[in-house]
Amino acid sequence: MEVKFVLNGKEVKVDVKPTAILTDVLREKLGVTSVKKGCETGDCGACAVLLDGELVNSCIVLAPTVAGKSVTTVEGLIINGEMDIIQKRLAEYHGTQCGYCTPGMVIAIKALLNKNPKPSEAEIRRAIAGNLCRCTGYQKIVEAVQSITA
Ligand code: FES
Ligand code: FES
């Protein structure tokens, strides 16, 4: 079946099976490899995207359900070659960590700041609680977000 949606500001059309998972469609059909496959059960946040502005784990979203909607990945946060402030501050504060968890972290932080531009430390930590890092930690990420919201 054909599904049309807006991906990072541009309309896209893809042919998918009714049971296709959004993560797979983004990565394999549309070349958006920032969206990672971790647990594939909605538990780790590596596949996080914004769906009509709401944070979702794309591994538990059926691709046909995004028809007519807007999907944003980290690529969509770069405007005219300029990174979003979240991306810049994560780099400056050494909060980028690995390429596997970082895109989902960025998307989770974007979802937070869109709704709450002045989050407390507890709110920042809660916002990224669904993004699991298996190896380092969260402190530098929290500091990077606090540098934006201070
Ligand atoms: S891969 Fe989707 S939440 Fe882990
Ligand atoms: S999973 Fe990415 S730094 Fe730990």
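Analyst: Contact here means heavy atoms within 4.5 Å. The model is predicted: local features need pLDDT of at least 70, side-chain atom pairs count only at pLDDT 80 or more, and totals for chains, interfaces and linings use all residues. Residues are numbered from 1 along each chain as its sequence is written, chains are lettered from A and ligands numbered from 1 in the order in which they are written, and side-chain values use heavy atoms, without hydrogens and water.

User: What are the bounds of domain 1 and domain 2?

Analyst: Domain 1 covers 2-77 and domain 2 covers 85-149. The bounds come from an automatic or database domain assignment. The C-alpha centres of the two domains lie 21 Å apart.

User: What area is buried between domain 1 and domain 2?

Analyst: About 1,400 Å², of which carbon and sulfur atoms give 62%. Buried area is the accessible area (1.4 Å probe) that two parts lose on being put together, summed over both. In domain 1, Cys44, Val74 and Leu77 lose the most area to domain 2, together 34% of what that side buries.

User: What makes Glu54 and Lys115 a salt bridge?

Analyst: The definition asks for a side-chain nitrogen of Lys or Arg within 4 Å of a carboxyl oxygen of Asp or Glu. The closest N and O atoms of Glu54 and Lys115 are 2.8 Å apart, so the pair qualifies. Between domain 1 and domain 2 the count is one salt bridge.

User: How do you know that β3 and β4 pair?

Analyst: Strands are DSSP runs (E, at least two residues), and helices are too (H or I, at least four), numbered from the N terminus. Two strands pair if DSSP finds at least two bridges between them. Four bridges join β3 to β4, so they pair. They run antiparallel.

User: Which residues of α1 are called buried?

Analyst: Leu22, Thr23, Val25 and Leu26. Buried means under 20% relative accessible area, exposed over 50%, partly exposed in between (1.4 Å probe, protein chains only). What covers these residues includes β1, β2, β3 and β5. After α1 comes Gly31, with a positive phi near 70°.
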